[in-house]
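Trainee: I would like to learn how to read a structure, starting with a single residue. Please show me one.

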Amino acid sequence: MNVGAAAEVAPRVGVVAAISVDRLAVRFEGNDGSITALSDVDFEVSEGGFVTMLGPSGCGKSTLLRAIADLVPVSEGGIRVFGRTPEQSRLARDFAFVFQDPTLLPWRSAIDNVRLPLEVGRRGGVELERHAEPEDLLALVGLQGREDALPHELSGGMKQRVSIARALVQKPRVLLMDEPFGALDEITRDKLNEELLRIWRETGTTIMFVTHSVPEAAFLGRKCLVLSAQPGRVRGYVDIDLAEPRQLSIRDTLEFVQITSHLRSLLEVGK
Amino acid sequence: MKAAGTGNGRALAAAAGDSSMRLEKWRRRAPAIVAAVGLLLLWQLIVDGFRVPTYIAPSPVEVLEVFAKEGEILWINFWPTAMEAAAGFALGNGIAVLLAVWFVHSQLAERAFYPIAVFVNTIPIIAIAPILVLMLGNGYEPKIVIAALICFFPTLVNMVRGLKSVSPQMLDLMRVLSANQAEVLWKIRLQSSLPFLFAALKIASTTSVIGAIVGEWIGSNYGLGSLIIEATYNFRAPLLYATVILGAGMAVVAFTATTIVERRVLKWKPGNVI
Ligand SMILES: Nc1ncnc2c1ncn2[C@@H]1O[C@H](COP(=O)(O)OP(=O)(O)OP(=O)(O)O)[C@@H](O)[C@H]1O
Ligand SMILES: [Mg+2]
């Protein structure tokens, strides 16, 4: 009996994936009939992993992330976040979402924007004892001294940093990021990429990160999920083995170029 | 030392910017002031030059004399009107805001009552006024209701739009946080609606004065509205003009006060930083 129980418990502790997506399909009823955005999508993200997602525009990357976040209903198949349905894990605050647009509340100072997740959505008695201090998080994203600044007083990169701090305040186990740096210039983007890796290492959060940039996908991801054009299917799920800890200069190495050209070839097939 | 030095430099620069900005403000206002004074002078010259009888058009000096000699009668009638306008402003806008919140949360309520609100708005206020006097008597009540009615509709329309002006992305954010309707209302919708609300309140601040005055035209023996009627029947043109100017002054004060509150409340709107 004991042995049996142990055998049943053991996989739950070590092997339950942070995110597992099982034969997922998502369809939308639009004006021009039904659109299949995703079809037969299968993959897993292990705890503490960093998965980037690439794919042609309109292939369903945002839809996939939004389905995991319970913002879009699933048509077929299943999604589990630490073994729970998206709705359960949303209510338990397992994940946080970072949008392409920082989506800050313009009337709130930086620090009050970071506090927002601690103020709302707690009627279900969500335990937020494991929250971080907003001040510490603003320092973590390099914004100490700007706590009281209003969003319109911050640059685009700073706003996105605030939105990352806001996502981290509830110590999420999973961070879903939909092209968070897409609207930033290259220098800011490089800097935030390095910072994101540092935050990932320091917090151990599982990250899924959508991008249009092949180098960004290769530089950030430990794995890269490549989707094909509509309807989105998994074209490849590539391991990215590069020297750790990663530095920006790694992008000039031969291994890096080989990986990016492999990712590009997968994207080409997708078209 | 160095930090203090730059701090001081910044303060000085800010002060210099302040005074030059004030100068700039006056420079921008100067043409309007000069034009107004010029027109008043012209008016005085025409009335004096062509010997226009006072009961047809009084000169600015005669109007000023009314303020000096009959100030008391003006003030006595000023306060009831101001009170009615303020009460009507609060009542009309308050109901409009509450209705807008209801409409945004219940499509059924919006479908049922929005058309009625539109219909009520199409009835000219002059036509409603006697009905209300019949219903509510001769006291403050009908005037307050008329002032409230005249404020109500623009605020309702703007407030509904404002509450709905929240970006879909912000609603996504709140959904990911599992926020409920009340939290979305308090944390997001009300704040986003404020620019729309203040646009309406600025209109309402002046129309509520008009509403109170129109209410006093019908069967009233106090207030600026009744003073206007009385002065007209008695051919007391200078008193009439002084009353009208006082009414306009009340509206300007109400408008300015609303604008000042708006600037305080909407500091976060980049366009409103002064
Ligand atoms: N709410 C919706 N209603 C109807 N169709 C939708 C909806 N959201 C997405 N779609 C459709 O689903 C498909 C995938 O869209 P999605 O936004 O996921 O693409 P994407 O890969 O994120 O594109 P991009 O790289 O341009 O951001 C598109 O064809 C889009 O038109
Ligand atoms: Mg997208």
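Mentor: Buried means under 20% relative accessible area, exposed over 50%, and partly exposed in between, with a 1.4 Å probe and protein chains only. B:Ser208 has 2% relative accessibility, so it counts as buried. This is a predicted model, in which local features need pLDDT of at least 70, side-chain atom pairs count only at pLDDT 80 or more, and totals for chains, interfaces and linings use all residues. Residues are numbered from 1 along each chain as its sequence is written, chains are lettered from A in the order in which they are written, and side-chain values use heavy atoms, with hydrogens and water left out.

Trainee: Which residues is B:Ser208 in contact with, leaving aside its neighbours within four places in sequence?

Mentor: Contact means heavy atoms within 4.5 Å. With those neighbours left aside, B:Ser208 touches B:Ala85, B:Phe89, B:Ala147, B:Ile150 and B:Cys151.

Trainee: In which helix does B:Ser208 lie?

Mentor: Helices (H or I, at least four residues) and strands (E, at least two) are DSSP runs, numbered from the N terminus. B:Ser208 belongs to helix H8 of chain B, residues 181–217.

Trainee: How many helices and strands does chain B have?

Mentor: Chain B has 10 helices and 0 strands. Its radius of gyration is 24 Å, well over the 19 Å that the globule rule gives for 274 residues, so chain B is more spread out than a compact globule. That radius is taken over C-alpha atoms, and the rule is 2.2 Å times the number of residues to the power 0.38. Of the 274 residues, 40% count as buried.

Trainee: In what order do the strands of the open sheet in chain A run?

Mentor: Two strands pair if DSSP finds at least two bridges between them. In chain A, 3 strands form an open sheet in the order S2-S1-S4, with antiparallel pairing. Strands S2 (33–45) and S4 (76–81) stand at the edges with a single partner strand each, so one side of each has no neighbour in the sheet. S1 (residues 19–30) and S2 of chain A pair over 9 bridges; A:Glu29 has A:Ser34 in S2(A) as its bridge partner.
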